[in-house]
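Please give a short report on this structure for someone who has not seen it before.

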There are 2 protein chains.
Amino acid sequence: MSAAASLPRRGDGVAAIDTPALVVDLDAMERNLATMADFARTHGVRLRPHAKMHKCAAIAALQMAAGAVGVCVQKTSEAEALAAAGVDDLYISNEVIAPAKLARVAALAQRVRLAIAVDSQEGVERLATAMREAGAVIDVFVEVDVGQGRCGVPAAAAGMLAQRVVSHAPPDGGLCFSGLQAYHGAAQHLRGAAEREAASRHAASLASAARASVTAAGIACRLVTGAGTGTFAFDAASGIWGELQAGSYLFMDRDYADNAPGPNTPRFEHALFVKSQVMSRGTSHAVVDAGHKSHAVDSGPPRVWRRELEVGSVSDEHAVLRIRSGGVATDLPQLGETVWLVPGHCDPTVNLHGHYVAVRGGLERGVVEAVWPIEARGCIT
Amino acid sequence: MSAAASLPRRGDGVAAIDTPALVVDLDAMERNLATMADFARTHGVRLRPHAKMHKCAAIAALQMAAGAVGVCVQKTSEAEALAAAGVDDLYISNEVIAPAKLARVAALAQRVRLAIAVDSQEGVERLATAMREAGAVIDVFVEVDVGQGRCGVPAAAAGMLAQRVVSHAPPDGGLCFSGLQAYHGAAQHLRGAAEREAASRHAASLASAARASVTAAGIACRLVTGAGTGTFAFDAASGIWGELQAGSYLFMDRDYADNAPGPNTPRFEHALFVKSQVMSRGTSHAVVDAGHKSHAVDSGPPRVWRRELEVGSVSDEHAVLRIRSGGVATDLPQLGETVWLVPGHCDPTVNLHGHYVAVRGGLERGVVEAVWPIEARGCIT
């Protein structure tokens, strides 16, 4: 029997969902979707959610129907997988360097609206060559390091790199300079709202300096794109970012929920869960059948949903649960009982699964409304 | 283009392997394979390597050709996937509680030689029901908690549970009591050899007590199965374990290599790598295209292979590399350069990939000899 053969069908109750399973609370997800779409509309910014988080064409379609201009991805193969499933406006918000991969980028740019980030002269030249050889055109964002210390050029170097992009502009070349990529990943997970606001301000000042560098080079900088679920409200308020790339707002993992909420920041609900089952039971602990091959622990353990239980340890195929301080022994679930886990980090958790089971009507008495394939799962190249 | 379409072909050089990719150094793997097979033969114990680590039928076949009696798995769907790919002797060394899943176990037991672990009376009864309804027979091991504090009954309770298993013996029932499952996962990763030896001794004393409990119940206990890559030499020396389940010896991840080697324990080489490429380069750091969606970080970051570099941070799709203390600036790799990573933990790393690229002749100048599908990847149910 294949993994697909054990999937539930539309109309099944939640009890029929085999464990472990990746379950979406559709009602909560739709509220999150509407909240962020409203925020973007109200604040006059574009929304291009990061599909590296959900990796699913059905969800990208819901986001675009709610007003998103398209989605971001991080990998060429993610873009290919989502394009093959019907997503037609994609931004690879990351650098691609290998010539063979750039040839795939160029081929894809002939089928969908495609953008990509660059942060080196060598990268620009290689991209330009690939596009010219394919006769393709692509939107290009110059990535600026706004505090993350990972990819991106220093702010002052943005103008020079933009010039290199513009030197390959149509009709002779295939690179359309579109603006700046400015994302501060580490800022998203600072626990205090004031800390995140300060990091956002710092990022805004660097993005602003980068924009000035581009303008000083005589090039129009139409858009700064970036921002995540931890800082988007601060970023939008800065007036620098014209496009938000937040992704996790849709599912809200344990790690993001551990952030102290910011002022003027809309709240999001947990909408992604791993359904697990107690498969072994001691006198003071219960073991569920979902370890870190079912939910990623890079940002810490999952949280047990609405029970007085804490996660004691997580191994490949098991998680050990104990009564939380102040709980009573009868809170410990019985053998065979269902336990819902809120993943520590949604992006790599989703990447472990082949499908979402989308449930309407809540986790207790809900009904399966859809089973969505995660088309870009495992698309790491 | 699908992920499979970007896979290399037999005869390609390593340069043709797109990144990130999961690469096996075949020469190193075969030496590890032979070393463990020799150890088992020399010490008169059976070897049933854990396929939860590699999840691959081709590798299981190599292990069985070298003398392994079969393989272990942790999940019903893993057993199904490997059986479908030709593996015919499987042990689910873990508890299964859901009746729908037990029906699948029973169906599988009619197609291959199958064993399973139990650690509760309820589990025995449910398993017996499923086997009876299918008219199937399965080998059953009673799991004993030998120090891990996860699954398993206390040693003194083993006899009573074995009696319950025996009460469903053929010809009337479908449960063949086969012995004890005794695995101490946490002991594998204790850094000091003396600590691991002490944990193994403690586990052996509990396994011995459990065996006495079974014997006192008038039941023959033919086999104690368990042990891992960190303790197998101590476990084999105890005379308690008749079957070793070590899995990671084949690939040797960074975490196992960080253990201080034990006396009389054969050495294993790193044989599993993630090929990555520098896709962004700063003045004092380089960023490769392989984050924790390409190599699991639950046991810590990967190690950079044979370069004076350390891993500064790992995010979903990136890893930031810096010069190790004592290194010189010219050690920092250039944009586009290949960097080989030794994964922190092989089991969940393998689970992130669809294929192994098996290379003969070393990582520098080797040639692709095979591309093996990871059939049980993502088989979590």
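In what order do the eight strands of the open sheet in chain B stand? The order is β2-β9-β8-β7-β6-β5-β4-β3, and the pairing is parallel. At the edges are β2 (46-47) and β3 of chain B, and each of them pairs on one side only.

**Confidence.** This is a predicted model. Chain A averages a pLDDT of 97, and 99% of its residues score at least 70. For the complex, the predictor gives an ipTM of 0.97 and a pTM of 0.97.

| Strand | Partner strand | Bridges |
|---|---|---|
| β3(B), residues 71-73 | β4(B), residues 89-92 | three |
| β4(B) | β5(B), residues 113-118 | four |
| β6(B), residues 138-143 | β7(B), residues 175-182 | six |

B:Val73 has B:Ile92 in β4(B) as its bridge partner. B:Asp89 stands opposite B:Arg113 in β5(B). B:Val140 has its bridge partner in β7(B), and that residue is B:Phe177.

β3(B), helix α3 (residues 76-84) of chain B and β4(B) make a right-handed β-α-β unit. β4(B) also belongs to a right-handed β-α-β unit with helix α4 (residues 99-109) of chain B and β5(B).

Start with helix α2 (residues 57-65) of chain A. Its buried residues are A:Ala57, A:Ile59, A:Ala60 and A:Gln63. Seen down the axis of α2(A), these buried residues fall within an arc of 160 degrees, so they line one face of the helix. An α-helix has 3.6 residues a turn, so residues three or four places apart point the same way. The buried residues of α2(A) pack against α1 (26-43), β3 (71-73), α3 (76-84) and β17 (367-373) of chain A. Just after α2(A) comes A:Gly67, with a positive phi of about 115 degrees.

Next is helix α6 (residues 158-166) of chain A. Here A:Ala158, A:Gly159, A:Leu161, A:Ala162, A:Arg164 and A:Val165 are buried. The cover over the buried residues of α6(A) includes β5 (113-118), α5 (121-134), β6 (138-143), β7 (175-182) and α7 (193-216) of chain A.

**A closer look at A:Val124.** This residue sits in helix α5 of chain A. Is A:Val124 buried or exposed? It has 22 C-beta neighbours inside 10 Å, and the cut-off for buried is 20 or more, so A:Val124 counts as buried. Leaving out residues up to four places away in sequence, A:Val124 touches A:Val118, A:Leu161, A:Arg164 and A:Val165. A:Leu161, A:Arg164 and A:Val165 are also among the buried residues of α6(A). The C-alpha atoms of A:Val124 and A:Val165 are separated by 6.4 Å, though the two residues are 41 residues apart along the chain.

**Where the chains meet.** How many residues does each chain bring to the contact? Chain B brings 51 residues and chain A brings 51 residues. On the side of chain B that touches chain A, the elements giving two or more residues are α3, α4, β10 (272-281) and α10 (346-350) of chain B. The largest share of that side, four residues, comes from β10(B). By class, the side of chain B that touches chain A has 17 nonpolar, 18 polar and 16 charged residues.

Notes:
Residues are numbered from 1 along each chain as its sequence is written. Chains are lettered from A and ligands numbered from 1 in the order in which they are written. This is a predicted model: local features need pLDDT of at least 70, side-chain atom pairs count only at pLDDT 80 or more; totals for chains, interfaces and linings use all residues. Two strands pair if DSSP finds at least two bridges between them. A crossover is right-handed if, with the strands pointing away from the viewer, the path from the first strand over the helix to the second runs clockwise. A residue is buried if 20 or more other C-beta atoms lie within 10 Å of its own, exposed if 12 or fewer, and partly exposed in between; C-beta atoms are placed from the backbone. The arc is that of the directions from the helix axis to the C-beta atoms. Two residues are in contact if their C-beta atoms, placed from the backbone, lie within 7 Å. Ala, Val, Leu, Ile, Met, Phe, Trp, Tyr, Cys and Pro count as nonpolar, Asp, Glu, Lys and Arg as charged, and the others, Gly among them, as polar. pLDDT is the predictor's confidence in each residue, from 0 to 100.
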